[in-house]
Amino acid sequence: MAGDRLHRILAGLSAGEADVWSSGWLCRGCVKIVGADGAGIMLMSGDIPRGSLCTTNAVSHLIEELQYTLGEGPCVDAYQQDRVVAEPDLADPATPRWVAFTPPALAAGVRAVFGFPMRSGTVRLGALNLYRDWSGPLTDDQHADALVLADLAARWVLEAQAGASPGAVAQELQIGADFHFIVHNAAGIVSVQQGISVTEALIRLRAYAFSHDRLLADVAEDVVAHRLRLR
C-alpha cells in the first residue's frame with residue numbers, strides 16, 4: 001500500500017511538468033495532490049526559521065512571511081515538536097494558539113492550516129505547510145499523501161545541498177526561494193551598532209517588527225537602507 005501511494009504521488013508530480021525537480025514543482029504538486037488551496041515549504045535550523053523554499057500564491061507567501069516574522073505558526077510548531085500540526089478551523093479552534101499569527105492569516109482568507117515536519121532520519125529540515133480557504137480536517141488519504149510529500153521534499157533538499165560547497169546554499173534551493181538574506185544583513189548591522197550577538201540582533205529585529213505590526217523583511221530593508229536605527 002505504501003509503495004502504491006508513493007508511485008501514485010510520483011506519477012502525479014510528474015504529470016504535465018518538466019522532468020526536473022524544483023522547489024516550485026514540489027509546492028505545486030502538494031496543492032494538486034492533497035487538494036489544498038496553497039502550499040509552502042519553510043526551512044529551519046535550530047529553533048529559527050531560515051526562510052521559504054517555495055510558495056504557490058500570495059496567501060501562502062504571506063503565511064510563510066508571518067511565521068518568519070513572528071516565530072509562530074503551523075510550520076514552526078511542526079518542526080519544533082516533530083509532529084504533524086493541524087488546525088482545521090482557524091477561526092474557531094478547539095484550543096486557541098498562535099495569538100499573533102492567527103488574525104492576519106484569517107484576514108487573508110485562511111481557514112485551515114496544516115504543518116508536516118520535513119525530516120530524514122534524525123535530521124530535521126523544516127516543514128511543509130498547507131492551507132485551505134475553508135474549514136475542515138484533511139481526510140486520512142490526504143493526510144497520508146502529505147506525509148509522503150514532506151518526506152520527498154526533505155530528501156530533495158538533502159540531495160540538492162549535498163552537492164553544494166561547505167557553508168553555501170545549493171543553487172537548486174535558491175531558485176524561487178526567499179532566504180531573507182537582507183534580514184541577516186540587517187542583523188549584522190544591528191549587531192555592530194549595539195555591540196550584541198547576531199542572534200540577539202535578530203531577536204530585536206523581530207520584536208520591533210511585531211510591536212510595529214510590520215513584516216520582518218520590511219524592517220530589515222529600512223535598517224540596511226539606513227532609514228531605521230534600532231534603539
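**Cysteines, rings and a pocket**

The sulfur of Cys30 lies 6.0 Å from the closest cysteine sulfur, that of Cys27, which is too far for a bond. A disulfide here is a pair of cysteine sulfur atoms within 2.5 Å. This is a predicted model, in which local features need pLDDT of at least 70, side-chain atom pairs count only at pLDDT 80 or more, and totals for chains, interfaces and linings use all residues. Residues are numbered from 1 along each chain as its sequence is written, and side-chain values use heavy atoms, with hydrogens and water left out.

Cys30 is buried, with a relative accessible area of 2%. Buried means under 20% relative accessible area, exposed over 50%, and partly exposed in between, with a 1.4 Å probe and protein chains only. Cys75 is in no disulfide either. Its nearest cysteine sulfur, that of Cys27, is 9.8 Å away. Cys75 is buried too, with a relative accessible area of 0%.

Which cysteines does a disulfide join? Cys27 is bonded to Cys54, with 2.0 Å from S to S. The pair links distant parts of the chain, 27 residues apart. Cys27 sits in helix H2 (residues 23–34) and Cys54 in strand E2 (residues 48–55). Helices (H or I, at least four residues) and strands (E, at least two) are DSSP runs, numbered from the N terminus. The link of Cys27 and Cys54 is right-handed, with 70° about the S-S bond. Both Cys27 and Cys54 are buried. The count for the structure is one disulfide.

Turn now to the rings. A search of the whole structure finds one aromatic pair. Trp98 and Phe101 form it, edge-to-face, at 5.8 Å centre to centre and 85° between the planes. Rings of Phe, Tyr and Trp (its six-membered ring) pair if their centres lie within 6.5 Å; planes under 30 degrees apart count as stacked, over 60 as edge-to-face and the rest as tilted. Trp98 and Phe101 are both buried. The rule asks for NZ of Lys or CZ of Arg within 6 Å of the ring centre and within 35 degrees of the ring normal. The charged end of Arg132 sits over the ring of Trp134, 3.9 Å from its centre.

Next comes a pocket. The second largest pocket has a volume of about 170 Å³. On a 1 Å grid over the protein atoms alone, a pocket is an open set of points where a 1.4 Å probe fits, with protein on both sides within 12 Å along at least five of seven lines; lining residues have an atom within 4 Å of a point. Helix H3 (58–70) and helix H9 (198–211) each supply at least two lining residues. H3 gives the most, with four. The lining includes Leu62, Leu66, Thr69, Ala209, Phe210, Asp213 and Arg214. By class it has eight nonpolar, one polar and two charged residues.

Ala209 lies in helix H9. Ala209 is buried, with a relative accessible area of 0%. The C-alpha atoms of Ala209 and Thr69 are separated by 7.2 Å, though 140 residues apart along the chain.

His226 follows H10, with a positive phi near 65°.

Definitions and conventions. Grid points are joined across faces, edges and corners, and a volume is the space filled by probe spheres set on the points. Ala, Val, Leu, Ile, Met, Phe, Trp, Tyr, Cys and Pro count as nonpolar, Asp, Glu, Lys and Arg as charged, and the others, Gly among them, as polar.
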